[in-house]
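Subject: Structure for your files

Hello,

Here is the structure you were waiting for. My notes follow below it.

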Amino acid sequence: MPETFFLVAAPGLDETLAAEARAAGFNGLTLVPGGVEVAGGWPEIWRANLTLRTATRVLARVAEFRAMHRAQLDKRARKVDWASVLRPDMPVRVETTCRKSKIYHAKAATQRIERAIAETLGAPIAADAAIVVKARIEDDLCTISLDSSGESLHKRGHKTFTGKAPMRETHAAAILRMLGFDGTQAVVDPMCGSGTFLIEAAEIAAGLLPGRDRDFAFQKLAAFDAQAFAKMKTTPQPDAQLRFFGSDRDQGAIQGATANAQRAGVAEWCRFTRLPVSELTAPEGVAPGLVVINPPWGARIGDRKMLFALYGALGQVLAQRFQGWAIGLVSPDAGLVKATGLTLSATEPAIDLGGTRVTLWRGVPG
């Protein structure tokens, strides 16, 4: 059984992921480049996949040994207890990276590990296998892990409509956490697109687990206990409360976001309305909460020069109609943010969003 596992974080979200894991009761946390090392075996690995909203994937550490040359790698890879983690009837693929090591040819190293698995366990090797063994050879130390997640954990299984500039669920959850969202506040997104911010917020408020409706790679591994995992998936069913409000000028986005919310089981908590920014008002009957916005940046949608007017109008509406609300705005462009006229401060570090380094800007209208 693994004794440690690794939570992979998107660049810039390492500390946010560590904070979430700590709050969720995981132990032995160590912040390292790229994510968080955690103490625990298979039950904790299953729980991490099922419950953590900001992790990209979960890697189970299954072996570690020195390998100075390929023959040594072959010999020691054959000593790994593959039968305790892999099933002989499930195809496997191996991915290897080499860095600062005497073994520098990743393809040759991959072939040695594949052969060790095939000849000691009998599992077939396939380029499209769902089970992935990841080998990292760094400074002559070979660390072998299993990708317990399969598809990236941002794929919750609910969002079929993505819009023009989709926000990943893991990023949305991290940004909500960075803004202090705890499930009790109202949330408004005036440029909601596919509704990711609001659906994540509603799921958090409802106590719905992010992985409740999807499959994971660990379900095809040797040690998987379906009955024990099923017990982890039980969640309370609180009464729905409407306090998540999305708007967008694109009717297609509104229809898509509504359908996404229905598939996620939070449609009663959310309201999506076709509305230009100029007509945005604070929802009635709810206490001030959060306004979270991922506006166009110019790099992906819209011409930058045309966006200054949009940011200016947005800032004016927020200043006039959202007194007492906390603002979170995602943008890589400080000039456009300044055009809002709002006093917003940059949150560090920057976040990698689809290959672009963006900043979460925070403040309150005033």
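Is Asn-260 buried or exposed? Asn-260 has a relative accessible area of 0%, and the cut-off for buried is under 20%, so Asn-260 is buried. Please keep in mind throughout that this is a predicted model.

Asn-260 belongs to helix 8, which covers residues 251-264. Its side chain comes to 3.2 Å from the backbone nitrogen of Thr-160. With neighbours up to four places away in sequence set aside, the contacts of Asn-260 include His-158, Lys-159, Thr-160 and Phe-161. Ser-194 and Ile-199 are also in contact with Asn-260.

Next, the nonpolar cores. The largest one holds 58 residues, and Ile-175, Phe-244 and Val-266 have the most contacts inside it. Helix 6 (residues 196-206) supplies the largest share of this core, with 6 residues. Another core, of 51 residues, lies apart from the largest one; Ile-113, Ala-116, Ala-135 and Phe-229 are among its members.

For Ile-175, leaving out neighbours within four places in sequence, the contacts are Met-167, Phe-197, Val-292, Val-330, Ile-351 and Leu-360.

Ala-135, from the 51-residue core, sits in strand 6 (residues 131-138). Its relative accessibility is 4%, so Ala-135 counts as buried. Ala-135 and Ile-113 are separated by 22 residues in sequence, and their C-alpha atoms are 8.5 Å apart. Ala-135 also touches Ile-113. Its other contacts beyond four places in sequence include Glu-95, Thr-96, Thr-97, Thr-143 and Ile-144.

- Helix 1 (residues 14-23) and helix 5 (residues 169-178) have axes that come within 10 Å and cross at roughly 80 degrees. Angles of 65 to 115 degrees count as roughly perpendicular, and helix 1 and helix 5 are therefore roughly perpendicular to each other. On the helix 1 side, Thr-16, Ala-19, Glu-20 and Ala-23 meet Ala-174, Arg-177 and Met-178 of helix 5. By class, this contact has 4 nonpolar, 1 polar and 2 charged residues.

- Helix 2 (residues 42-51) has Trp-42, Ile-45, Trp-46, Ala-48, Asn-49 and Leu-50 buried. These buried residues pack against strand 1 (4-8), strand 4 (57-66), strand 7 (141-147) and helix 7 (226-232).

Regards

Conventions. Residues numbered from 1 in each chain as written. Predicted model: local features only at pLDDT ≥ 70, side-chain atom pairs only at ≥ 80, totals over all residues. Heavy atoms only, no water. Helix = DSSP H or I, 4+ residues; strand = E, 2+ residues; numbered from the N terminus. Buried < 20%, exposed > 50% of the residue type's maximum accessible area, 1.4 Å probe, protein only. Polar contact = N/O pair within 3.5 Å; in protein donor to acceptor, adjacent residues only side chain to side chain. Contact = heavy atoms within 4.5 Å. Core = buried A, V, L, I, M, F, W, Y, C linked by side-chain atoms within 4.5 Å. Axes fitted to C-alpha atoms, helices over the stretch in contact; angles between N-to-C directions. Parallel < 35°, antiparallel > 145°, perpendicular 65-115°, else oblique. Nonpolar A, V, L, I, M, F, W, Y, C, P; charged D, E, K, R; others polar.
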